[in-house]
Amino acid sequence: MAAEEFNVIDGLYYTKEHLWVKVDGDDAVIGVTDYGQHQLGDVVYVELPTVGAEVEAGEKVASIESVKAAIDIFSPLTGKILSVNEDLKEDPSLVNTDPYGEGWLYEVKMSDDSEIEDLMTAEDYRAYIEEIESEEEV
């Protein structure tokens, strides 16, 4: 599948682990990208971080189980967990059906906003997906 077939929203930041980051001041909401949820398949369980926990960039903060795989989610940012998406406990499939909306994972108060510079722009992420997809076709 070509990168154009996946929804990548301009104005968000992205990681190579297929997470999106929406920055609003010092706060950032984090979720799984459309490409990421497609790779996972049907999500059946989401384990979320604890509200109030301090997390480091690169630290495991959550996990997602799907019919195809179980993956760990590593925080792209350092900070304090402000909130988690409680709706995912009842309906983990929101990660699949609305990855950039109702399927968000958690919100963090950033302690170092320079970490954003390590993330990809939408344009970079589209190119990254294109690269992955072309490698898989070989």
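1. Two strands are taken to pair if DSSP finds at least two bridges between them. Helices (H or I, at least four residues) and strands (E, at least two) are DSSP runs, numbered from the N terminus. The model is a predicted one, in which local features need pLDDT of at least 70 and side-chain atom pairs count only at pLDDT 80 or more, while totals for chains, interfaces and linings use all residues. Residues are numbered from 1 along each chain as its sequence is written, and side-chain values use heavy atoms, with hydrogens and water left out.

2. Under these conventions the protein has four helices and nine strands.

3. The C-alpha trace spans about 45 × 35 × 20 Å along the principal axes.

4. Of the 138 residues, 46% count as buried, that is, under 20% relative accessible area, with exposed meaning over 50% and partly exposed in between (1.4 Å probe, protein chains only). The protein exposes about 7200 Å², of which carbon and sulfur atoms supply 45%; these areas come from the Shrake-Rupley method with a 1.4 Å probe. Among contacts (heavy atoms within 4.5 Å) between residues at least 6 apart in sequence, 64% join residues at least 24 apart.

5. The protein carries 8 positive and 35 negative charges, and their mean positions are 5 Å apart. Lys and Arg count as positive and Asp and Glu as negative, whereas His and the chain ends are not counted. Each charge is placed at NZ of Lys, CZ of Arg, CG of Asp or CD of Glu.

6. Six strands form an open sheet in the order 1-2-3-9-8-5, with antiparallel pairing. Strand 1 (13-14) and strand 5 (54-55) are at its edges; each has a single partner strand, so one side of each is left without a neighbour in the sheet.

7. How is strand 1 joined to strand 2 (residues 19-24)? Two bridges connect them, and the strands run antiparallel. Tyr 13 has Val 21 as its bridge partner, and Tyr 14 has Trp 20. Strand 2 is in turn joined to strand 3 (residues 27-32) by six bridges, also antiparallel; here Val 23 is partnered by Ala 28.

8. His 18 is a residue other than glycine, and most residues other than glycine have a negative phi. With a relative accessible area of 14%, His 18 is buried. The hairpin of strand 2 and strand 3 has two residues between the strands, with Gly 25 at a positive phi near 65°.

9. Thr 33, in the loop between strand 3 and helix 1 (34-40), is buried at 0% relative accessibility. Leaving aside residues up to four places away in sequence, Thr 33 touches Tyr 14, His 18, Leu 19, Trp 20, Pro 99, Tyr 100 and Tyr 125.
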